[in-house]
Each structure stands twice: as C-alpha cells, then as structure tokens.
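Let me put the model up, and then I'll walk you through some helix packing.

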Amino acid sequence: MSDYWSDYWKVGHLSSFAQASKDNYSGEIASFWEEFLRDYNHSHCNIVDIGCGNGALTDLALNKFKYTQPNFIGVDAAKLSIPKHLLQERVRFYQNTRAESLPLESHTIDIAISQFGFEYTDMGKVLEELSRTLKLGGKVCFVIHHKDSIIVKPNALIRQAVDEVMVKNGPFDLLSMLVNSIHKTGKNNPNAEKYRHSLNTQIQQLSHSNKFGLYGTGFPDLLKNTMSSSSINFKSRKNKLKNFRSEMKTLAKRLDNLLSVALDSDRIDGLLMSMSELGFTNVSQTPLRQENELLGVSIRANLILPS
C-alpha cells in the first residue's frame, strides 16, 4: 500500500485529494479541526496524527489556526515529503512507520487524530496501540471515508473510467496505434483514419456514459496534448503515452485502496463496538457535511478513566 502513496506524497501534496500540491483541507473539514483542536492548544499536550501524510493537519493547526503550543507527532506507513516549514522543534514525523506498532511510550499521548488515514490501517490493532499509548482520559478523533460520501462516489466513477480507457483495444490502445500509424505512414493514411474514427467513437460513448470519470482520468488532456500539434515529435508522444500508462496503474491502485477502506454504516457500527470493548467511552459518530453533502464521518471517544 505504501508504495503508491509514497509516490503521491513525493509530489508534495498536503491533503489526500489535492488538485494542486500545496492545497490543504478547507471548508467544513478545516472548520471541524479548528473547533476540535482549539481546547488543546497548550504546551503540555501531545497530539499524534495517524496516517498523517505530508502533515496536513499539523499545517492547519500551526499555520491556519495558529495553534502553536502542542507537540505534534505524525505517523505514516509511506515515505513522505514533509514541507520545510513543518520541520519545527515541536513537530516530529515518523515515516515508513505503521500505526499498528507506534514508536511511542505508553500513556504519553493526550490526543489521537486522523483525517482520512485511520481507515487505511488495521483499525483493531491501531486501537489496541492507542489504548496503550494514550493517557487515561485521552481522546481520539478520526474523520473517515464513508462509501456514500461525495469524495468516494466520484472516485468510484473515475476508477471505472480507468478500466474503460485502458481496456484492450480501448481508447488508450487506439491512441497508441494512431500515434504509431502516423509515424510510419503519415496522418492521412487509411489505418490512421480507421484508428482516429474508432477513437472518436469510443470517446463519445464514454463521454455520454461516464463523462465525469473520463475527465477524471486525464485522458482527454492526454489526447489533446498528444495530437493537437504536428510539431510534437514521435518520441515525445511515446513518452506521454508511457507516462500516462504508469499514472493509470498508480491511480487504479490508489482508488482501489480508497474504495476498499471506505466504511458503510454497518462497518462503522462494528468499529464503535470494538472501541467500547477496548475501554473507550463516550464513543460517537457524527456525519461531516458540506452544503448538506456527506464528506465523511467523525468518530470520537475517550480512553476510560480508572474507577
């Protein structure tokens, strides 16, 4: 799992669904964390971020909310690319480190948080580790993916479109054959016309059946960038095709992972029950919405105080 996430974080993304490398969570997600973390902005508070990526929540806390007092500890199974401005005295990151075996002493953590990270772990084992590392009375707060969210559902369409684009003799293969044919015998040869016609037909069909997913793959941009100018040489076109194929393999793995870890209501109920059995109390779930659309579900609990 960590390999393709390592590739993703290597680009410099802060959030797990950034459109640009510097984008961080905003809107309701940012507001949620601003409110939750407000009470813990003091120097004796140790906060661990499970599945931290390149430090999105730490970046929000320090730079957007100005919560500069706590000690922030990020843990992620992937290799990270932490921005320089987060390399501070009160911030530590453990990359290539599984949350199922936290490199932390027992009963040293006040708060455990996660934004779209906890569900990528073996949740039962992580909860056991948190019951060990949290101070008695410590709190957990996770925002997790829900199968019906406006994040997961559109990505399911993109994942479907990846298969539709990359299927044998599908749009990608036709574009590759078109590029090869033009290189060998010119753009107006009969074979090139045949490939062009078939490609246009398939693109129209995909645009009609799954336009969002098609554009989410980036294939229309590839088509435009590859064929829009006769000044692009054959080698450049082949490199674009090679890079796109590699990107689609990585995207397919990442989206398969997302779709497999997103929880439905029954799995969330099971998670809450497991937390109660491990000694967590005040266990609750709350839908996180933006303009009445489901973004995810927040899970909160306390580690029970001794009687």
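This is a predicted model: local features need pLDDT of at least 70, side-chain atom pairs count only at pLDDT 80 or more; totals for chains, interfaces and linings use all residues.

Residues are numbered from 1 along each chain as its sequence is written, and side-chain values use heavy atoms, with hydrogens and water left out.

Helices here are DSSP runs of H or I with at least four residues, strands are E runs of at least two, and both are numbered from the N terminus. Axes are lines fitted to C-alpha atoms, for helices over the stretch in contact, with angles from 0 to 180 degrees between N-to-C directions.

Who makes the contact, meaning heavy atoms within 4.5 Å? On helix 5 the residues include Val152, Ile158 and Val162, and on helix 9 they include Phe244, Met248 and Leu251. By type, the contact of helix 5 with helix 9 splits into 13 nonpolar, one polar and three charged residues.

Now compare helix 6 (residues 171-185) with helix 7 (residues 190-217): the angle is about 155 degrees, with the axes 9 Å apart. Helix 6 and helix 7 are therefore roughly antiparallel. Among the residues in that contact are Leu174 and Leu178 of helix 6, plus Tyr195 and Leu199 of helix 7.

Next up, helix 2 (residues 27-37). Its buried residues are Ile29, Ala30, Phe32, Trp33, Phe36 and Leu37, where buried means under 20% relative accessible area, with exposed over 50% and partly exposed in between, using a 1.4 Å probe and protein chains only. Looking down the axis of helix 2, they fall within an arc of 155 degrees, so they line one face of the helix. The cover over them includes helix 3 (56-64) and strand 4 (109-115).

Last one: Trp9, which sits in helix 1 (residues 2-10). Trp9 is buried, at 6% relative accessible area. Leaving out residues up to four places away in sequence, Trp9 touches Leu14, Asn54, Asp76 and Lys79, among others.

How values were computed. Angles under 35 degrees count as roughly parallel, over 145 as roughly antiparallel, 65 to 115 as roughly perpendicular and the rest as oblique. Contact means heavy atoms within 4.5 Å. The arc is that of the directions from the helix axis to the C-beta atoms. Ala, Val, Leu, Ile, Met, Phe, Trp, Tyr, Cys and Pro count as nonpolar, Asp, Glu, Lys and Arg as charged, and the others, Gly among them, as polar.
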